[in-house]
Structure formats: structure tokens, C-alpha cells
Amino acid sequence: MFGLPQSTEVNCPMPKAQLYKKFELKQAQRDVFDADIARMEIVNFIAPQSLPGIAEGTEVKAVFVVDVELKRSDYDTKNIILISKLIPHRIIFALCHEDKVQLAVYHTKLFTAPWQSVDDTKLSLSGLNLDVVWQNIVAFIGGLDVAEGNSLTEQIRVDEERTRLMRQIESLERQMRSTSQPRRQRELYSEIKKLKGGLNG
């Protein structure tokens, strides 16, 4: 599936009822879950046992690909985050609705790729151990460019800070355009300049 080696393929349903029971989900959580998710199944198991060419990582011992059949494409992302937090494994989600697939992965936060047709959706495994394989998968799905010397988690933090600064700059620029007071314009310009310095630093 998704171009992954046949040796990694498994067929292991994940009944929602078992999930509810094991993690003692409240009725409200079950209702939200049921509104979005029709069924789930583990379709790939990526580990040294299934791919002898890839070694265990220091942190990552295995990666699972979980096929999630959605009832709607505008699903609540909290449901996917909930699964990620309940199950103590690295998971790649293949979120399927009709003939489209969206890959998703949780690493400090949820990352999603654009929706694609099933035939066009491919996952490649690159790296000599599962730590590197996982980092490359998250970077691929999240569209991340991990700078040399940064860990994946550090890069996510850097990107989030950059996004926060850019939003702040845009907000101040809007304020500067809408004010007619020269003094206030100068103050805003000074703030913008300072933030842009942090952006380029």
C-alpha cells in the first residue's frame, strides 16, 4: 500500500469498541469519534522485523500505518490527535474519504498533507534507522525543511516561531496602514522593524 514494501503489509483491524473500552472514553468523546470515523485498520508495520535493512532507532522502535475510513472530509482533527496520544507508537495516518487520501502524522502537533487520489499517494522510507526514517516521514508529510544541526522537534519550534512573528508583523502593518497619526505610524514602524530583525536572526 502507498508504495511501501510488501513485507510491511499487515491486516489488523482496530475495532472502535475495543479502543473505547481500553482507554475508557466518555460517551461525548465516543459520539464525536463516531461522527467522523467509520473504521480503522493497521495496514503496514515498519520495523526491523519487516524490513531487515532498517535498524531500530534510539527513540523509534516501529512505525505503523493506520488506514482510517472517514465519514466526511471535513473531520475534526482532535479525533486524530486523540488516537495519536492514546496509542504509544509512531503512526502514519492514511485518512480516506471516497477516492481521496490525506496523509497525517503527529509529532508535537498534527501535520497533514494535501488530499490526493489513492493511486497518487506514495510513502517512501529513507534512512538507515527508524529515528531517521520517522524524521523524514514527518518532514515529507508536514512539508518541513529541517535545517542542518536542527532536530525535527527544534525545526518545528523554529517554524512555529517564524509563523508567529510573520502574523504579528502582518497585524502591525495593517494597523500602520489604517492609522493617520504620524507618531503612531512611527511607533508601529519601529515595532515592525524589530520583529523583522528577529525573523532574519
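Modeller: Go ahead, but keep in mind that this is a predicted model.

Biologist: Start with Cys12. Buried, exposed or partly exposed?

Modeller: Cys12 counts as partly exposed, because its relative accessibility is 37%.

Biologist: And Cys96, buried or exposed?

Modeller: Cys96 is buried, with a relative accessible area of 7%.

Biologist: How many disulfides turn up in the whole structure?

Modeller: A search of the whole structure gives zero. Cys12 is in no disulfide, and the nearest cysteine sulfur, that of Cys96, is 16 Å away.

Biologist: Different topic. Where is Asp36?

Modeller: Asp36 is in helix H2, residues 27-36. Asp36 counts as buried because its relative accessibility is 0%.

Biologist: Which side chains make polar contacts with the side chain of Asp36?

Modeller: The side chain of Arg72 does, at 2.4 Å, and so does that of Asn79, at 2.8 Å. Leaving out residues up to four places away in sequence, the residues Asp36 touches include Glu69, Tyr75 and Asp76.

Biologist: Now helix H5. What should its span be, and what is it in the model?

Modeller: H5 has 27 residues, 152-178, so at 1.5 Å a residue it should span 39 Å. The end C-alpha atoms are 39 Å apart, which agrees.

Biologist: Which residues in H5 are buried?

Modeller: Leu152, Gln155, Ile156, Leu165, Ile169 and Leu172 are buried there.

Definitions and conventions. Residues numbered from 1 in each chain as written. Predicted model: local features only at pLDDT ≥ 70, side-chain atom pairs only at ≥ 80, totals over all residues. Heavy atoms only, no water. Helix = DSSP H or I, 4+ residues; strand = E, 2+ residues; numbered from the N terminus. Expected span 1.5 Å × (residues − 1). Buried < 20%, exposed > 50% of the residue type's maximum accessible area, 1.4 Å probe, protein only. Disulfide = S-S within 2.5 Å. Polar contact = N/O pair within 3.5 Å; in protein donor to acceptor, adjacent residues only side chain to side chain. Contact = heavy atoms within 4.5 Å.
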